[in-house]
Amino acid sequence: MLKKFQYDLFVIGGGAGGLASSKASALLGKKVGMADYATPSPHATTWGTGGTCVNVGCVPTKLMPFSARMGEIRKDQIAAGYQGIESEGKHNWKQLIETVQKHIKELNVRQESSLKDHGIDYYNKFAKFIDRHTIELTDVKGEKEIISAKNIIVCVGSRPMLYQDPKLVITSEDVFQQTTPPGKTLVIGASYVGLECAGFIHGFGFDTTVLVRTRVMRNFDQEMAQKVEGYMSDNGIKFVKRALLQSISAVDNGKRRLVKWVRDGVVEEDIYDTVLYGIGRQASTKQLNLESIGVKIDARNYKIMADEYDRTTVDNIYAIGDCCLNRLEYTPIAVMAGRKLAKRLYGDSNEIMDYADVATTIYTPIEYGCIGLSEERAQQRYGQDGIKIYRTHFKPLQWSFRQRDDAKYCGGKLIVHKESDRIVGFHYVGPEAAEVTQGFAVAMKMKCTKKDFDNTVPIHPSLAEEMVLMK
Ligand SMILES: Cc1cc2nc3c(=O)[nH]c(=O)nc-3n(C[C@H](O)[C@H](O)[C@H](O)COP(=O)(O)OP(=O)(O)OC[C@H]3O[C@@H](n4cnc5c(N)ncnc54)[C@H](O)[C@@H]3O)c2cc1C
Ligand SMILES: NC(=O)c1ccc[n+]([C@@H]2O[C@H](COP(=O)([O-])OP(=O)(O)OC[C@H]3O[C@@H](n4cnc5c(N)ncnc54)[C@H](O)[C@@H]3O)[C@@H](O)[C@H]2O)c1
């Protein structure tokens, strides 16, 4: 019998969700194709296979803070008796970028060979719908080809939101590739991207200011947000709060940026070498032709409307990851959603994603990890009398080598629903927040109670100190 479609499944987007769903489908015996194409940023930055996380997201944003911390550790090494490192030393930004990019290139190659190993046809081409089963693919030279598929998964992710003068401002997409040091930097936005970038730029010794429209980390537990902000500002990062950006213009023969903002009705200004936007992201769905084939997208942010089974409004088209409405924008979420979707489509599973109690970490100079509700949200849900808060403050053992006044910002908080004794919020500010929070994520998934927590024996006395106080 003549096969009607070239592919059982075609995946648009080769990021976290695309790689996971295409490989899982191929392992279940399906003929799979995948297109991935990074449209250049306004600064002509582009990248290879693997999507946001590998190229311009998790991987570089974690390598940079780790690298920045190495400078900090130098001071501890001296106190711990290491010799010959007394000089402050200079940091070479270009060397750092080359090292980070080398690692990313290795990941790109690994991704491509893994696709080959799975028998997946990979197209480094921009995809656009012609109809619900037909896709036009365009390569970098503008050459086109058409493919057809029975099912299609859209996981095109998102790109940084650009506000004023994109040519005068860089984003998280550009900063990891530019070999010239950022110099004096203004970061606009004070959530994940803004604070992580401000943290590592300052960590490498550059004068750094964060322009904050409302509050720092406004969607997070505010007590914890104040700890992160306090630590960062005690260490020299400046915060300009309740400030509305007014204009950005090129000065000094185009080399620097004059930025004006309004605060308390007064216009203030300063000149920076670099201005970086970290003001959120927008789904990359605009040029996909989705609406004309019947796939509904949200008019405000162009996100695809998909149900709990990841079905769009067209029955052979599915959507996962950052391009979907009301999804958490994290790599492991896109990966898990992709695998589960493949197993529902081609395996015997009916399992859907559970988005409750997902752990997250912001890799700020002092890391913050959390799971579940903030104190503010818990109060809204259960009322002020319906919850009990347990707090701890501690000095991390590894910070004992020298006097650190900023240790006061380390701390944690458990939010407990009084009636059921269930822990509904976990918050931690301190070293290795990602690892600590990850460990607790399982307990939260198992609907751990405060009593379970009290009965858990810690691994190490220093952890005991951190945890006992929460009891
Ligand atoms: C700076 C930064 C740091 C981050 N750090 C973390 C972190 O520490 N932990 C974490 O969990 N998450 C982190 N994230 C979020 C994480 O990167 C995303 O949630 C994840 O990449 C989403 O995966 P995705 O598959 O939905 O989309 P993406 O990874 O964005 O992949 C989409 C792919 O589709 C391609 N594409 C788009 N349109 C087309 C088209 N028409 N044709 C062909 N290809 C197309 C894109 O170029 C891209 O390669 C970070 C994000 C950023 C920006
Ligand atoms: N560690 C991690 O897991 C990690 C790291 C980076 C990014 N991410 C993911 O990427 C997504 C995007 O992160 P993000 O930080 O870009 O977006 P975000 O939506 O989390 O925060 C954007 C911030 O910019 C502010 N803002 C918006 N417009 C502004 C303006 N004109 N002027 C000043 N401030 C403005 C907002 O108030 C908000 O605080 C997040 O949802 C997150 O899930 C995750």
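Colleague: Which of the 24 residues around ligand 2 come nearest?
Modeller: This is a predicted model, so local features need pLDDT of at least 70. The shell around ligand 2 holds 24 residues. Those that come nearest are G189, S191, Y192, V193 and E329.

Colleague: Which element gives the most to the shell around ligand 2?
Modeller: α6 (192-203) and β18 (360-362) each supply at least two residues there. Domain 2 (170-279) and domain 3 (360-468) each provide at least three. With 4 residues, the element that gives the most is α6.

Colleague: How many residues of the shell around ligand 2 are charged?
Modeller: Nonpolar residues number 10 in this shell. Polar residues number 9. The charged count is 5.

Colleague: Which residues come nearest to ligand 1?
Modeller: Around ligand 1 there are 34 residues. Elements giving two or more of them are α1 (16-27), α2 (51-56), α3 (58-79), β4 (126-131) and α8 (331-346). The nearest residues are G13, G15, G51, G157 and G321.

Colleague: And how many of the residues in the shell around ligand 1 are charged?
Modeller: Nonpolar residues account for 16. Another 14 are polar. That leaves the charged group, at 4.

Colleague: What separates the centres of domain 2 and domain 3?
Modeller: The protein chain is divided into three parts: domain 1 (7-57 + 95-159 + 282-346), domain 2 (170-279) and domain 3 (360-468). Centres are taken over C-alpha atoms. For domain 2 and domain 3 the separation is 28 Å.

Colleague: Which element gives the most to the side of domain 2 that touches domain 3?
Modeller: 17 residues of domain 2 are in contact with 17 residues of domain 3. On the domain 2 side, α6 and α7 (222-234) give two or more residues each. That side divides into 7 nonpolar, 5 polar and 5 charged residues. The top contributor, with 9 residues, is α7.

Colleague: Why is one side of β18 and of β20 left without a neighbour in the sheet?
Modeller: The open sheet has 5 strands in the order β18-β19-β22-β21-β20, with antiparallel pairing. Its twist averages 15 degrees from one strand to the next. β18 and β20 (387-393) lack a neighbour on one side because each stands at an edge, with a single partner strand.

Colleague: With which strand does α7 make about 10 degrees?
Modeller: α7 packs on the sheet. There it touches β19 (368-372), β21 and β22 (422-429). The strand whose direction makes about 10 degrees with that of α7 is β22.

Colleague: At what angle does helix α9 run to β20?
Modeller: α9 covers residues 375-382. This helix lies across β20, β21 and β22. To β20 it runs at about 165 degrees.

Colleague: Which residue is the bridge partner of R391?
Modeller: β20 pairs with β21 (residues 411-417) in the antiparallel sense, over 7 bridges. The partner of R391 lies in β21. It is K413.

Colleague: Is β19 largely enclosed or largely open?
Modeller: β19 also pairs with β22, antiparallel, over 5 bridges. In that pairing G372 stands opposite G425. 5 of the 5 residues of β19 are buried, so the rest of the structure leaves β19 largely enclosed.

Technical notes
Residues are numbered from 1 along each chain as its sequence is written. Chains are lettered from A and ligands numbered from 1 in the order in which they are written. This is a predicted model: local features need pLDDT of at least 70, side-chain atom pairs count only at pLDDT 80 or more; totals for chains, interfaces and linings use all residues. A residue is near a molecule or strand if its C-beta atom, placed from the backbone, lies within 6 Å of it. Ala, Val, Leu, Ile, Met, Phe, Trp, Tyr, Cys and Pro count as nonpolar, Asp, Glu, Lys and Arg as charged, and the others, Gly among them, as polar. Domain bounds come from an automatic or database domain assignment. Two residues are in contact if their C-beta atoms, placed from the backbone, lie within 7 Å. Two strands pair if DSSP finds at least two bridges between them. Axes are lines fitted to C-alpha atoms, for helices over the stretch in contact, and angles run from 0 to 180 degrees between N-to-C directions. A residue is buried if 20 or more other C-beta atoms lie within 10 Å of its own, exposed if 12 or fewer, and partly exposed in between; C-beta atoms are placed from the backbone.
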